[in-house]
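Subject: Structure handover

Hello,

Here is the structure I said I would pass on. Please look it over first; my notes on what was found follow below it.

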Amino acid sequence: MGTATHPKRGEFRNEPLTDFSKAENRKAQQQALDKVKAELGREYPLLIDGEEIHTAEKTKSTNPSHPEQVVGVFQKATPELAVRAIESAHRAFDTWKRVAAEKRAECLFRAADIFRKRRFELNAWMIYEVGKTWPEADADIAEAIDFCEYYGREMLRLAGPQPVLQAPGEKNYLLYIPLGAGVVIPPWNFPSAIPTGMVGAALVTGNTVVLKPSSDAMAIAWQLVEAMYEAGIPKHALHFFTGPGSTAGDALIANPKTRFIAFTGSKEVGLHISELAGKAPKGQIWIKRTVLEMGGKDAIVVDEEADVDAAVEGVAVSAFGYQGQKCSACSRAIVSEKVYKEFVDKLTKRVQTIKVGPSEDPANYMGPVVNANALKSMLEYVEVGKKEGKVVTGGKRAAGDGYFLEPTVIADVKPNARLAQEEIFGPVLAVIPAKDFDDALKIANGTEFGLTGALYSKNPKKIARAAEEFHVGNLYFNRKCTGALVGVQPFGGFNMSGTDSKAGGQDYLLLFLQGKSVSEKLQKH
Ligand code: NAD
């Protein structure tokens with residue numbers, strides 16, 4: 001069954017990316033950077049039922065390219081405010097769920113239009129707050145637009161008649177109804193796409209939401225929430241809530257009025273949420289639903305029958321695009337012994353061409369990593385890597401005050417080494433030699449994760465085998481393992497990578513709905 005088309009907007013199409021080789025686009029992006037720069041450092045309240053709330057304690061978000069630059073000052077919500085937020089969302093559910101699906105979908109379509117109009121400004125917020133380069137920021141907002149357009153259409157499909165059989169003498173139908181008030185907890189690394197996707201899906205299906213953004217991406221989340229209100233989402237249906245995950249976040253999750261939690265982030269936090277949400281406090285009358293999308297240790301397998309140059313390029317962009325801070329990023333290159341030396345030599349040369357520096361400068365392919373703790377942890381992994389393999393390039397901080405790390409390749413890593421098993425979430429790639437294709441597949445599947453993966457090979461038999469045996473939620477052949485498109489490559493992983501929710505696919509909205517089957521015995525007149 002195809003995705004529903006919209007009478008005026010037509011079929012779903014992925015939003016094109018901005019072509020920054022064009023002078024007018026470069027100029028527009030630079031102007032937006034200047035405009036947003038003047039807005040940095042502002043203070044933002046919590047928004048509960050539209051009421052602006054200020055707390056005694058504050059938290060700051062800063063620019064990882066220039067850590068002294070404050071992007072925004074935010075409130076540190078308390079567990080008591082968490083109760084207030086979720087109770088407000090719970091109350092609002094009764095009215096928002098009654099708004100027609102078409103009207104809710106229209107809100108998402110309008111949000112998409114607002115994002116298009118403010119695209120360069122939203123890019124600028126991402127460039128400043130999370131160190132995205134121009135094209136990475138632009139792809140992030142394009143995906144946010146896609147989620148709005150796709151989920152809007154999907155809701156129209158799910159609001160229509162559903163295919164059930166008819167029993168004699170009865171009228172039978174199935175309705176999809178929303179769940180209730182939920183908590184949306186996104187990571188910082190796709191600060192437009194992921195919150196928009198999770199919040200948009202929850203709202204369009206008729207649920208209400210408390211959004212608790214990552215402490216590294218609060219200003220961008222504020223921009224998104226403002227756009228949603230402007231698009232017609234009522235303030236009582238969407239609440240903006242900043243504060244420490246461990247206290248205020250837990251209070252949101254544990255509350256008996258919380259009906260669902262949509263989370264994307266690390267395995268550790270995801271498992272914690274799963275456990276906490278599994279408990280039923282007094283007064284709770286449902287089992288909380290959790291949508292948990294977590295980390296990865298994604299591999300690209302380079303077979304001896306591969307185009308090695310293409311594989312080198314695919315690994316380089318998958319491992320170092322956005323500083324390796326994508327859940328889909330390649331963090332293991334598993335390379336056949338027969339082409340291993342050639343691959344490592346070529347990859348080393350390619351990686352040494354990568355420029356690292358402040359992300360507002362479009363000459364840099366890599367910007368900073370997200371914060372000081374992340375940089376510290378990555379440098380610790382490099383030390384581990386020196387013992388577990390050989391650093392062939394990178395391994396040190398790059399020049400500048402920001403959190404810059406050289407793109408780092410560590411070769412000769414064993415499949416079970418820490419570097420090959422633990423998610424580093426930065427520009428540190430482990431290269432692992434494999435005896436043959438069987439061995440390569442075994443190594444690729446030999447972690448607790450299962451998010452993305454790729455194989456470079458010209459052999460159709462090996463491609464067919466990998467299609468069956470390479471156990472990941474998103475598998476690619478002869479191309480990079482990042483950049484999944486909404487509607488084209490529904491996204492989500494297996495095992496410790498999460499609940500395989502397939503964001504941007506036809507199954508996704510069902511996670512925010514429950515099916516109600518209705519049968520009426522026909523009266524004889
Ligand atoms: P994180 O787990 O540290 O944080 C994610 C979110 O959880 C943040 O908003 C954080 O504030 C919040 N949080 C932390 N502790 C909490 C608690 N006790 N209660 C409630 N909320 C809490 O992850 P991150 O550093 O923001 O993001 C990086 C991780 O996300 C990586 O592991 C990456 O692989 C993963 N990721 C996965 C996908 C996917 O689709 N599978 C997509 C993007 C990122």
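V518 is found in strand β19. Not counting residues up to four places away in sequence, V518 touches K171, N172, Y173 and L175. Between V518 and R289 there are 229 residues in sequence, and their C-alpha atoms are 23 Å apart in space. Please keep in mind throughout that this is a predicted model.

Domains

The chain is divided into two parts: domain 1 covers 31-62 + 71-294 + 501-516, and domain 2 covers 298-485. Domain 1 therefore takes in separate stretches of the chain, as its listed ranges show. The C-alpha centres of domain 1 and domain 2 lie 31 Å apart. In the contact between them, domain 1 takes part with 15 residues and domain 2 with 22 residues.

How much area is buried between domain 1 and domain 2? The figure is about 1600 Å², and carbon and sulfur atoms give 56% of it. On the side of domain 1, T133, E136 and W188 supply 27% of the area buried against domain 2, more than any other three residues.

Side chains of opposite charge can pair when their charged atoms come close. Between domain 1 and domain 2 the count is 2 salt bridges. For polar contacts, the count between domain 1 and domain 2 is 10 residue pairs, both residues being at pLDDT 80 or more.

Which helices supply at least two residues each to the side of domain 1 that touches domain 2? These are α4 (119-130) and α5 (134-159). By class, that side of domain 1 has 7 nonpolar, 3 polar and 5 charged residues.

Ligand

There are 28 residues around the ligand, and those that come nearest are P186, D250, S266, M294 and E423. For P186, a backbone N or O atom lies 2.7 Å from an oxygen atom of the ligand. For M294, a backbone N or O atom lies 2.7 Å from a nitrogen atom of the ligand. With K212 the side chain is involved: an N or O atom there is 2.9 Å from an oxygen atom of the ligand.

Salt bridges in the whole structure

A search of the whole structure finds 36 salt bridges. One of the pairs is E406 with K396, where the closest N and O atoms are 3.9 Å apart. Both E406 and K396 lie in the loop between β14 (390-393) and β15 (408-411), so the pair ties together parts that are 10 residues apart in sequence.

Backbone angles

The place of F425 is in the loop between α13 (418-421) and β16 (428-434).

Regards

Methods. Residues numbered from 1 in each chain as written. Predicted model: local features only at pLDDT ≥ 70, side-chain atom pairs only at ≥ 80, totals over all residues. Heavy atoms only, no water. Contact = heavy atoms within 4.5 Å. Buried area = accessible area lost by both parts, 1.4 Å probe. Salt bridge = Lys/Arg side-chain N within 4 Å of Asp/Glu carboxyl O. Polar contact = N/O pair within 3.5 Å; in protein donor to acceptor, adjacent residues only side chain to side chain. Helix = DSSP H or I, 4+ residues; strand = E, 2+ residues; numbered from the N terminus. Nonpolar A, V, L, I, M, F, W, Y, C, P; charged D, E, K, R; others polar. Near = heavy atom within 4 Å.
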